[in-house]
Amino acid sequence: MPPPEYVERARLAVVARRPRETPRSAARLAREAGFGTEATTGRAIARVLGVSPPGHRERFS
């Protein structure tokens, strides 16, 4: 796995577990995980996890 892909997946792992742990906003979660913006995070979630960010959060509601 190329280094940029590894870093992205590591960041997504942080974002993926946070909805279970905290009600923080998506923008704050993006910053905490090291993504530049909420939009960047959303695109990564959709591409790698195959679900929209709201859909991902709903899984844990």
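The model described here is predicted. Glu 5 is also partly exposed, at a relative accessible area of 31%.

The side chains of Glu 5 and Arg 9 form a salt bridge, with an N to O distance of 3.3 Å. Both residues belong to helix α1, which runs over residues 3–21. They are four residues apart there, about one turn of the helix. An α-helix has 3.6 residues a turn, so residues three or four places apart point the same way.

How many salt bridges does the model contain? The count comes to three. One of them joins the side chains of Arg 47 and Glu 8, at 2.2 Å from N to O. Arg 47 is in helix α3 and Glu 8 is in helix α1, so this pair ties together parts that are 39 residues apart in sequence.

Are the two partners buried or exposed? Arg 47 has 54% relative accessibility, which means that it counts as exposed, being over the 50% limit. Glu 8 has 18% and counts as buried, because buried residues are those under 20%.

Arg 28 is partly exposed at 39% relative accessibility, and Glu 32 is partly exposed with a relative accessible area of 34%.

The buried residues Leu 29, Ala 30 and Ala 33 also belong to α2. They cover an arc of only 100° around the helix axis, so they sit on the same side of α2. After α2 comes Gly 34, which has a positive phi, near 100°.

## Helix α3

Helix α3 consists of 12 residues, 38–49. At 1.5 Å a residue it should span 16 Å, and its end C-alpha atoms are 16 Å apart, which agrees. Within α3, Thr 41, Gly 42, Ala 44 and Ile 45 are buried. Viewed down the axis of α3, these buried residues fall within an arc of 165°, so they line one face of the helix.

Which residues are exposed on the other side of α3? They are Arg 43 and Arg 47; Arg 47 is the residue that pairs with Glu 8. The residue that follows α3 is Gly 50, and its phi is positive, near 75°.

## Other residues of α1

Met 1, Tyr 6 and Val 7 make a nonpolar surface patch of about 350 Å². Val 7 is located in helix α1 and is partly exposed, with a relative accessible area of 36%. Val 7 and Ala 39 are separated by 32 residues in sequence, and their C-alpha atoms are 17 Å apart in space.

Arg 11 is another residue of helix α1. Its relative accessible area is 31%, so Arg 11 is partly exposed. Arg 11 and Phe 35 are 24 residues apart along the chain, and 7.4 Å separates their C-alpha atoms.

## Confidence

The chain has a mean pLDDT of 83, and 93% of its residues reach 70 or more. Where in the chain is confidence lowest, and where is it highest? The lowest mean, 76, belongs to helix α4, residues 53–58, and the highest, 86, to α3. Where pLDDT is low, the predicted coordinates should not be read in detail.

Note on methods:
Residues are numbered from 1 along each chain as its sequence is written. This is a predicted model: local features need pLDDT of at least 70, side-chain atom pairs count only at pLDDT 80 or more; totals for chains, interfaces and linings use all residues. Side-chain values use heavy atoms; hydrogens and water are left out. Helices (H or I, at least four residues) and strands (E, at least two) are DSSP runs, numbered from the N terminus. The expected span of a helix is 1.5 Å times one less than its number of residues. Buried means under 20% relative accessible area, exposed over 50%, partly exposed in between (1.4 Å probe, protein chains only). The arc is that of the directions from the helix axis to the C-beta atoms. A salt bridge is a side-chain nitrogen of Lys or Arg within 4 Å of a carboxyl oxygen of Asp or Glu. Patches are made of residues with over 30% relative accessible area and no salt bridge: like charges are joined within 9 Å, nonpolar side chains (Val, Leu, Ile, Met, Phe, Trp, Tyr) within 5 Å. Accessible areas come from the Shrake-Rupley method with a 1.4 Å probe; for residues, only the protein chains shown count as cover. pLDDT is the predictor's confidence in each residue, from 0 to 100.
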